[in-house]
Amino acid sequence: MNRLDRKMAELKGQNRAGLVTYFTGGDPDYDTTVELLANLGAAGADVIELGMPFSDPVADGPILQAANIRALQGGQTIERMMAMLREVRERDDETPIVLMGYFNPVRRYGTARFFADASASGADAIIIVDLPLEHAGPCRAQVEQAGMHLIAMTAPTSHDERLAALLKPASGFVYHIAIAGTTGAATPDASQIQEAVGRLRRQTDLPIAAGFGIKTAAQIREVAQFADLVVVGSRLVDVLAREGRDQALGEVASLAAALRPNAA
């Protein structure tokens, strides 16, 4: 049982949904990201999704594309992602970290080496957006051998037969993309998310996360009625870019409060 498993058990015991906060590694610079990540758990993030910057993302909207560019121009690499994880783990060894990125950098680093190093550095799971199910088998075995989860992603367009194939080998949690588009491109319809989560629950007992386009406390409260994790990315990356680290942490605390109605 890694940090993510323990967190999901904790959330189930508390009978509440968890907040997943997305930021891009190295945006706007290495030191700011380390300081930000090390304080996200204390600010109220239940799970940290950490983007690995990539030059040609297919799922990232304009806000996350800009974050990728800032990070890459600042010299962020896979090696620096590993160093970043290790530094954060010296200050927060409890909050689960889920890496998110694309297959090409992982492949260039060497898949087995990547997953082993990521786990040893402090990652608990990984989302590889452009790794199709049909080619995921070898990577899944390496991820599991490293003690991590390879997170399955589903979309509004995923039909039931496809869902069954996606969910059969899944572990950790299932990430449902709430809109048919890139991150932050539109405001998701809560009723459609609820219907999709219902379809997923008929096929898996894993926790279900919903993300893409969720930005406000009101949206979080609504989606938390039927999802186990609510993911906020573009909103937080935008606050970080426009107002800085402390304001981003404040925004995390404000959004986290929406899932802790009895908190002071």
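Is Glu-49 buried or exposed? Glu-49 is buried, with a relative accessible area of 4%. Before I go on: this is a predicted model.

Let me stay with Glu-49. The residue sits in strand E2. If we set aside neighbours within four places in sequence, Glu-49 touches Val-20, Thr-21, Tyr-22 and Phe-23, then Val-98 and Met-100, and also Ile-127, Tyr-175 and Val-231.

UniProt, in an unreviewed entry, puts the feature "active site" at Glu-49 and Asp-60. Such annotations may be inferred rather than shown by experiment.

Asp-60 is found in the loop that runs between strand E2, residues 47–51, and helix H3, residues 62–73. Asp-60 counts as buried because its relative accessible area is 2%, and the cut-off is under 20%. What about a salt bridge for Asp-60? There is none; the nearest side chain of opposite charge belongs to Arg-70, and that is 11 Å away. What Asp-60 does have is a side-chain to side-chain polar contact with Asn-68, at 3.0 Å.

Thr-33 counts as buried because its relative accessibility is 0%. Its side chain reaches the backbone nitrogen of Gly-26 at 3.1 Å. Gly-26 is also among the contacts of Thr-33 beyond four places in sequence, along with Thr-24, Gly-25, Asp-27 and Met-84.

To recap the annotated pair: Glu-49 is buried at 4%, and Asp-60 is buried at 2%. That is what I have.

Terms used
Residues are numbered from 1 along each chain as its sequence is written. This is a predicted model: local features need pLDDT of at least 70, side-chain atom pairs count only at pLDDT 80 or more; totals for chains, interfaces and linings use all residues. Side-chain values use heavy atoms; hydrogens and water are left out. Buried means under 20% relative accessible area, exposed over 50%, partly exposed in between (1.4 Å probe, protein chains only). A polar contact is a pair of N or O atoms within 3.5 Å; within protein, one must be able to donate a hydrogen and the other to accept it, and residues adjacent in sequence count only if both atoms are side-chain atoms. Contact means heavy atoms within 4.5 Å. Helices (H or I, at least four residues) and strands (E, at least two) are DSSP runs, numbered from the N terminus. Lys and Arg count as positive and Asp and Glu as negative; His and the chain ends are not counted. A salt bridge is a side-chain nitrogen of Lys or Arg within 4 Å of a carboxyl oxygen of Asp or Glu.
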